[in-house]
Amino acid sequence: MEMHAAVAEYDAVRDRMTVHASTQVPYYVHLMLSQILDMDMSRIRVIKPHVGGGFGCRTETLNIELIAALLARKANATVRMVTTREETFITHRGRPETDIRLKIGLRKDGRITAVECDCDQRGGAHSGYGVVTILYSGSMLYAIYDLHNVKYTGRRVLTNTPPCGAFRGHGTVDIRFAFESLLDQMAAELGLDPFAVRRANLLTAPTFTDNDFMVNSYGLPECLDWVERESGWKTRKGKATGGNGARKGLGMACSHYISGASKPVNWTGEPHATVKIKLDFDGSIVVLSGAADIGQGSTTILAQTVAEVLGLDLSRVRVVTGDSEVVPKDNGSYSSRVTFMVGNAALDAARNLKSLLVNAAARKLEARPEDIECLGEVYRAGAQDKGATFEEVVTEGLKDSGTITVTGNYSTIPESHGGKKYRGSAIGGTMGYSYSAQVVEVSVDEETGVVTVDKVWVAHDCGKALNRLTVEGQVQGSVWMGMGQAMSEEAAYHDGLMLTANMLDYRVPTIQDSPPIEVGIVESIDPHGPFGAKEAGEGSLAAFLPALTNAIADAIGIRFNDLPVTPDRVFETIEKRRRAIEKSTKKGASDGA
């Protein structure tokens, strides 16, 4: 939520440019600066300071980094630029306004037979990440349910409004809202339980979808079981009552997301992720990574991964990131790629370092490497052997080579399913999908139109929770952001002018608005994730939107297809229904007379 900022320093003597940028993608900033300044990349240094949040808007290079650099070179000086809040709104890359027309074929037993989806997105004045957004909106219809016979038409429209781009849950959120809402409505018409309908369409992993997405782990059944049980769905659905004139309701929905794109954004042939580890005389483990920590905790995950492999205390591991002169190149933090891709690279690097240390211990203990037992701070050659301390092994390892530096890489799994070609297939699928199920309880005050979220139960399949506290926080944050989009956040325009370009008119939920959010962590253990892990930061967002409106429909019998469901819209809809009922009653009385 911080405003966009950049500091650019130009050294005319050496023809060198240094740019500090609040970004999620230091490498892309580096690349764009090279193109705009017409400078060799080796003359440019990009530093990413601590960034408290990105959420997608900083997934592409923004004007401010480029303008600051151009001005710095022109003035042969240091230039600092910070956008105002209004400027940030105008240049921000928020979620596009989306109009969706959706048809679902559903049998009496709840099986989905066909899907037809037509999607228009208002992209703003520049395309940016728009092509990817409109692609994800269609391709991600798959990989959550067992779908066949799907037709998707997506259109990205350039308009005289601020540009839209990647935003948490990129491309999937609006489509999932429409899909889960319509599925709930159809279930009600057929007299089917919403959980039963979802269960009738579950996938069986491992499998390939019709559009060639590879699903290797699938924890959605367990997610459904958890939220159904914990929310008391079977005993409370349709029976919840509220006080003070409010009506209560329960709603549920499901969602999913990718763990990074399986094909590189740049086609130079290098690995998708690279991590280096440095070990020197002090015995400290220094992890060098270009991965951008934007508050999601990726630095902690890298430290944990390396410490786990080496069997060392976390205090021995330090992570250095964010400086292009020091760390290896990384594509950045987007599409929930870091834990899966950079985590796997860190795993590879740590194993490479461990192999060197085992060989050093074998030399010191005059044993074979395969007989060495690594206990972290102690290396032994047998049960009765006193062994060598970690410091002694490090000294032995440094004896001939000096400082030890190892490299770990990760590239995506080669596609082996025939590589189906279809329009929009170029970016590929992903190596692992997260899954989420939610139940939302609401109270609706029909006198004022105010909707209150009483409680949320959310289960998230993250493969393996490498840091349970972080996973829980990420899932709660996803729910909270979904609540903002569903209930209050809206970028409104009049004749191309933005009406909500400040934090007073554009209302973001505060802690006062937050309901209790119960999180259930489901671990499906993905065969290709680091220690079995998948993404945890985006997949739970999309389910909140339809779960909320499904709960409102359960409470007052009115289904909202437009978001956000602000009190004025709820009140207006309730009033329209009341007037229609009165009109019908009067007409009936008149006809009877």
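How many residues in the lining of the second largest cavity are nonpolar, how many are polar and how many are charged? The first legend has the answer. Keep in mind while you look around that this is a predicted model.

**Close-up 1. Inside the second largest cavity, with a volume of about 60 Å³.** Let's start with that opening question: the lining splits into three nonpolar, eight polar and two charged residues. That makes 13 residues around the cavity, and those that lie nearest its centre are Arg95, Gln121, Thr133, Gly171 and Asp174. In the whole model, the count of cavities of 30 Å³ or more comes to five.

**Close-up 2. The second largest pocket, with a volume of about 280 Å³.** Here 15 residues form the lining, and Val451, Thr452, Met487, Arg507 and Asp513 lie nearest the centre of the pocket. Two elements give two or more residues to this lining: strand 19 (451–461) and helix 12 (468–487). Strand 19 gives the most, with three residues. Sort the lining of this pocket by type and you get eight nonpolar, five polar and two charged residues.

**Close-up 3. A cis peptide bond between Ala205 and Pro206.** Look along the backbone here and you'll find omega at about 0 degrees. Pro206 sits in the loop that runs between helix 6 (194–199) and strand 8 (207–208).

**Close-up 4. A cis peptide bond between Leu563 and Pro564.** To find Pro564, go to the loop between helix 13 (541–556) and helix 14 (567–592).

**Close-up 5. Asp38, a residue with a positive phi.** Asp38 is not a glycine, yet its phi is about 55 degrees. You'll spot Asp38 in the loop between helix 1 (26–37) and strand 3 (44–47). Is Asp38 buried or exposed? Its relative accessible area is 72%, so Asp38 counts as exposed, the cut-off for that being over 50%.

**Close-up 6. Ser336, with a positive phi in a residue other than glycine.** The phi of Ser336 is near 50 degrees. This residue belongs to the loop between strand 13 (317–321) and helix 10 (338–365). Ser336 has 18% relative accessibility, so it counts as buried, as buried means under 20%.

Definitions and conventions. Residues numbered from 1 in each chain as written. Predicted model: local features only at pLDDT ≥ 70, side-chain atom pairs only at ≥ 80, totals over all residues. Heavy atoms only, no water. 1 Å grid on protein atoms, 1.4 Å probe; cavity = no way out; pocket = protein on both sides within 12 Å on 5 of 7 lines; lining within 4 Å. Points joined across faces, edges and corners; volume = space filled by probe spheres on them. Nonpolar A, V, L, I, M, F, W, Y, C, P; charged D, E, K, R; others polar. Helix = DSSP H or I, 4+ residues; strand = E, 2+ residues; numbered from the N terminus. Buried < 20%, exposed > 50% of the residue type's maximum accessible area, 1.4 Å probe, protein only.
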